[in-house]
Amino acid sequence: MEATVSNFHYGAVTPVAAFVMACLGAALGLRCTTRAIRRGTNQVGWLALGAVSIGCGIWTMHFIAMAGFTIDGMSMKYDSATTVLSLVVAIAVVAVGVFLVGLRGPGPAVLTTAGIFTGLGVAAMHYLGMAAMHTPGDLRYSSLTVALSILIAVVAATAALWAAVSVHGLGASLGASLIMGVAVTGMHYTGMAAVDVPVDHHGAGTQSSAGMLSFLLVMLAGPLAALVMSAVVVMFDGDVMLGADERGARTPGPASVPAHAVAGRDGSAAYRGPGA
């Protein structure tokens, strides 16, 4: 006999909030990575900030979504150390992918390697987060659905890294972040669909639902603060917020010379009127 599992205890509140956080982290990460690559100044700092933003966005999405997870009235508790470890894993694997494509370029080999590594890491973060949760009944997983969630994670990570180095304009970055939010949130709920819980009332110790929610809010405080600080940095950096062609929009050069001005034989600029 299996317990009834729900991912929507609070209705649409948790999935919508989770999706918003995934999009926010992706949008900040894309802008930071674009800033690092297109301007070339303080690359390590901007790439690190991008990795923290995306990693915290993914992890925050996961645990906001988990706030709506219930098992047939059973109470649950989380292991703090494993929960923190899942956050570290999320940031670390995203950092590896972002630095690979940010410093070595989006070549097919680099992008594939970075995407697979990051995707597997994001999946590891998800299932580490699940392992941190103790319930009266043991969790069992459908192997096929787990494999599908990992595949989605790898595809989403590869697309995110490609977008980080290929999407430049502000509007395009926002559009890409929405797509990434759908992919990452979809990966989470696909992974949750793999969960089955046999009825067993002799398992781990329990914690009230209010206590579990309080624990999640405390754990979310750090990543949320990191996202807020990242947003402040991005908003006050003109190069990040311009949304124009970051490849050289502010760099004066030969393009500033009028098209009708051409070089004379003595090297000086000669003017040719419209009818020339």
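By class, how many nonpolar, polar and charged residues does the lining of the largest cavity have?

1. Basis. This is a predicted model, with residues numbered from 1 along each chain as its sequence is written. Local features need pLDDT of at least 70, side-chain atom pairs count only at pLDDT 80 or more, totals for chains, interfaces and linings use all residues, and side-chain values use heavy atoms, without hydrogens and water.

2. Cavity lining. The answer is 14 nonpolar, 2 polar and no charged residues. Here Ala, Val, Leu, Ile, Met, Phe, Trp, Tyr, Cys and Pro count as nonpolar, Asp, Glu, Lys and Arg as charged, and the others, Gly among them, as polar. The lining numbers 16 residues; I54, I58, A157, A160 and V184 are the closest to the centre.

3. Cavity size. The largest cavity holds about 180 Å³ of space. A cavity is a set of points on a 1 Å grid over the protein atoms alone where a 1.4 Å probe fits but cannot get out; lining residues have an atom within 4 Å of a point. Volume is the space filled by probe spheres set on the points.

4. Helices around the cavity. α1, α2 (43-66), α4 (108-131), α5 and α6 (170-193) each supply at least two lining residues. The largest share, 5 residues, comes from α5. Helices are DSSP runs (H or I, at least four residues), numbered from the N terminus.

5. α1 against α5. The axes of α1 (residues 13-39) and α5 (residues 143-166) come within 8 Å and cross at roughly 45°. Axes are lines fitted to C-alpha atoms over the stretch in contact, and angles run from 0 to 180 degrees between N-to-C directions.

Note on methods:
1 Å grid on protein atoms, 1.4 Å probe; cavity = no way out; pocket = protein on both sides within 12 Å on 5 of 7 lines; lining within 4 Å.
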